[in-house]
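Work through the following exercises with the sequence and the model side by side. Each task is followed by a solution in steps.

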Amino acid sequence: MSQNSCCCTSSACCGTPAIQTVSTQLTLKDKLGGWKVRWGLARMDYTMEPGIYAAGEPNETSPVLVSANYKLTFDTLRKHLTGLHCWLLILDTKGVNVWCAAGKGTFGTDELVHRIQETGLADVVAHKKLILPQLGAPGVSAHEVTKRTGFSVTYGPVRADDIQAFISSGYKATKQMRTVRFTMWDRLVLTPMELVIAAKTSLMLFGVLFLINLFAARPFGLFDFVVYAAAVLTGAFVTPVLLPYIPGKAFALKGWLLGMIGTGLIAWAYGWFAPPSLLLGIGYMLSLPPCSAYLAMNFTGASTYTSPSGVLKEMKIALPLIVLSLVAGIILLLIKTFVG
Amino acid sequence: MTHQYLKNVATLAFIAEKCTGCGKCVEVCPHGVFEINEKKAQIITKDLCMECGACAINCPAKAIEVNAGAGCAAAIIWGWLTGKEPSCDCC
Ligand code: SF4
Ligand code: SF4
């Protein structure tokens with residue numbers, strides 16, 4: 001049944017498809033690659049071939065772990081497999097991590113069934129048991145996979161660092177292993193991506209401001225840049241990092257609160273709350289905190305605990321307010337800019 | 001630290017009569033929303049549900065329903081503008 005078109009020299013060749021062995025040690029290149037991905041520099045091509053891989057020296061009774069073909073995910077998994085002998089079945093998720101791919105359906109029942117058949121997994125192992133990352137569960141229907149392939153699906157722990165404990169306890173995950181966290185570190189590593197996106201949008205804004213400056217009575221300068229950059233940092237970095245410590249539940253509210261504080265402090269330090277510059281102070285107080293609020297609200301997409309219904313509810317209230325405040329602020333700023 | 005998002009919004013619905021008590025929902029839920037009590041599943045912390053859909057798709061008895069979907073603001077706005085299902089490339 002299995003397609004053995006390869007001509008490998010390994011003795012394990014006959015009857016089984018080509019299987020690569022993977023190291024459980026990460027090289028400097030792997031680590032550097034991971035860093036680049038976080039900063040949005042190498043996202044798209046960070047994939048690997050789907051198929052079966054061997055970690056350690058697995059045999060036909062060794063466990064089969066299923067994962068995504070996003071190299072960062074794969075690297076995180078394999079570095080926690082030191083000392084274990086197991087098979088890795090890598091699905092084609094188009095280089096997207098397990099959680100997001102499960103949401104999109106690419107880490108899904110159909111792809112899993114297809115990959116089991118294509119790799120001839122049934123000839124590689126003698127048992128009928130797959131271990132999937134728990135975060136893949138939104139995309140995979142365990143009983144459906146069993147019905148179509150005979151393989152049973154057990155969901156392993158959320159985090160790869162619990163995988164050893166999970167296997168040695170006879171495939172039992174504690175409630176703690178089953179629960180996603182969203183630690184300050186988890187949030188911190190997500191912020192570079194938010195910052196890169198915000199910076200790209202800001203470049204367009206700077207282009208517009210440059211044109212405005214050609215005709216302005218009061219051109220935009222360094223001080224304006226500082227207060228703007230602070231608002232962006234507040235929404236895309238400070239709010240995500242401090243998330244649970246900021247009052248309120250809605251992300252937009254959290255971002256707006258910090259934005260008010262940050263913009264207020266800077267505007268006050270620059271003396272923008274006194275008569276000649278008052279328009280500037282009010283203009284920024286109206287326009288910048290909504291930017292922080294919007295960026296913070298966007299972080300719901302990266303969070304591990306917000307429900308789409310909740311985000312929708314939050315947006316229906318926040319978005320009109322954000323737009324109103326932003327437009328009012330921009331009008332004041334333009335008056336100040338052109339009238340002086 | 002446990003995060004709390006908006007209350008009373010999750011669309012999670014559970015039909016107790018269909019439940020066989022297999023425990024798969026407890027296994028897949030990333031927020032401990034379900035528990036098994038006396039051979040039946042039970043929702044214990046509905047406000048922690050993030051509508052990921054894992055429980056519903058993995059329940060062999062079809063005892064759970066939830067509106068799962070993309071949850072980030074940019075995706076929803078994109079959905080409004082294009083009239084399509086919200087989806088994003090932000091993750
Ligand atoms: S997965 Fe479905 S049948 Fe099984 S315990 Fe949960 S609700 Fe009941
Ligand atoms: S939808 Fe997801 S978070 Fe909500 S109860 Fe089901 S598994 Fe848990």
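**Exercise 1. Ligand surroundings**

Identify the residues that come nearest to ligand 2, and divide its shell by class.

Step 1. A residue is near a molecule if its C-beta atom, placed from the backbone, lies within 6 Å of it. Around ligand 2 there are 14 residues, of which C29(B), V33(B), C49(B), C52(B) and C55(B) come nearest.

Step 2. For the classes, Ala, Val, Leu, Ile, Met, Phe, Trp, Tyr, Cys and Pro count as nonpolar, Asp, Glu, Lys and Arg as charged, and the others, Gly among them, as polar. The shell of ligand 2 then has 11 nonpolar residues, two polar and one charged.

The model is predicted: local features need pLDDT of at least 70, side-chain atom pairs count only at pLDDT 80 or more, and totals for chains, interfaces and linings use all residues. Residues are numbered from 1 along each chain as its sequence is written, while chains are lettered from A and ligands numbered from 1 in the order in which they are written.

**Exercise 2. Chain B and its partner**

Describe the secondary structure of chain B and the side of chain B that touches chain A.

Step 1. Helices (H or I, at least four residues) and strands (E, at least two) are DSSP runs, numbered from the N terminus. Chain B has three helices and four strands, in the order β-α-β-β-α-β-α.

Step 2. Count contacts, taking two residues as in contact if their C-beta atoms, placed from the backbone, lie within 7 Å. On this basis 36 residues of chain B touch 35 residues of chain A.

Step 3. On that side of chain B, α1 (24-28), α2 (54-58) and α3 (73-82) each supply at least two residues. The most come from α3(B), with four. By class, there are 23 nonpolar, 10 polar and three charged residues.

**Exercise 3. A helix of chain A**

Which residues of α4(A) are buried, and why do they lie on the same side?

Step 1. A residue is buried if 20 or more other C-beta atoms lie within 10 Å of its own, exposed if 12 or fewer, and partly exposed in between. In α4(A), residues 109-119, the buried ones are T109(A), L112(A), I116(A) and T119(A).

Step 2. Because they cover an arc of only 125° around the axis, they lie on the same side of α4(A); the arc is that of the directions from the helix axis to the C-beta atoms.

Step 3. Their cover includes β2, β3, β4, α5 and α6 of chain A.
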